[in-house]
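Please find below a short note on the model shown here.

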Amino acid sequence: MKTIYFILFLGVILSLGSCEIDNYDEPDALFSGQLTYQGEPVRVAADEVRFQLWQTGFGNEGPLDVHVAQDGSFSAVLFSGEYLLSLLSGEGPFQANTGEEQIIINGNTTMDIEVTPYYMISNAAYNVSGNVVEGSASLNQIITGEGGRNVERVTLYLNDAQFVSENSDENIAGGDANLEDLSNLMMSVEIPGDYDRNYIFARIGVKIEGVEDMLFSPVQKLTL
């Protein structure tokens, strides 16, 4: 009999604990936006660049990492409140305009984060000629002087899916440009012989000396 009472008592305690857990509030806000330079998205490799949010006033000891998508956009589900937004040193092909910023998130909140990239890509264009994809683009140097950096490599990447980057699982071929004239970059890539689809995705990436994360053009779907 005592065993039965103990089991019933334990069941009540577990039930109350479960109810208490279920009654916790869920995050009520979607924080979203883009990394931008003068209103233009700064595009990177998917989930390679991140920044951090620290919520103040709740005794939280750790930050929330927010990863940036390849089109420069980001989103995170959060609790409404006051946060410290921290752009991390060494993250991204840019310099942060502000290292830390206090922000208020109240319900769904959209906010772009302004950064200053070392370069911006313009006039990216592609042409398919037989089994070769040709690409062209120009680079505009944004940060000059002591803070400026040279371009190490400009590469045209091809992939069979819409995620395209220097990562080995996000490209099936790549070809580098001659860097003599950054305002008139030309490159070409041969499509692998066993490729059997009637489309392919192309994207141009810029590797900057001393910077881990690459800068990218928009992804373009090409018909073969």
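1. Contact here means heavy atoms within 4.5 Å. The model is predicted, with local features needing pLDDT of at least 70 and side-chain atom pairs pLDDT 80 or more, while totals for chains, interfaces and linings use all residues. Residues are numbered from 1 along each chain as its sequence is written, and side-chain values use heavy atoms, leaving out hydrogens and water.

2. Beyond neighbours within four places in sequence, L53 is in contact with F31, P63, L64, V66, L78, Y83, L84, L85 and I103. L53 is also among the residues with the most contacts inside the largest nonpolar core, together with F31, F51 and V154. That core has 50 residues; the term denotes buried Ala, Val, Leu, Ile, Met, Phe, Trp, Tyr and Cys residues joined through side-chain atoms within 4.5 Å. Buried means under 20% relative accessible area, exposed over 50%, and partly exposed in between (1.4 Å probe, protein chains only).

3. Q52 lies in strand β3 (residues 50-55), strands being DSSP runs of E, at least two residues, numbered from the N terminus. Q52 counts as buried because its relative accessibility is 13%. Its side chain makes a polar contact of 3.0 Å with that of D65 (a pair of N or O atoms within 3.5 Å; within protein, one must be able to donate a hydrogen and the other to accept it, and residues adjacent in sequence count only if both atoms are side-chain atoms).

4. Five salt bridges are present, each a side-chain nitrogen of Lys or Arg within 4 Å of a carboxyl oxygen of Asp or Glu. One of them joins E91 and R50 at 3.6 Å, N to O. Since E91 lies in the loop between β6 (81-86) and β7 (94-96) and R50 in strand β3, this pair ties together parts 41 residues apart in sequence.

Notes. Helices (H or I, at least four residues) and strands (E, at least two) are DSSP runs, numbered from the N terminus.
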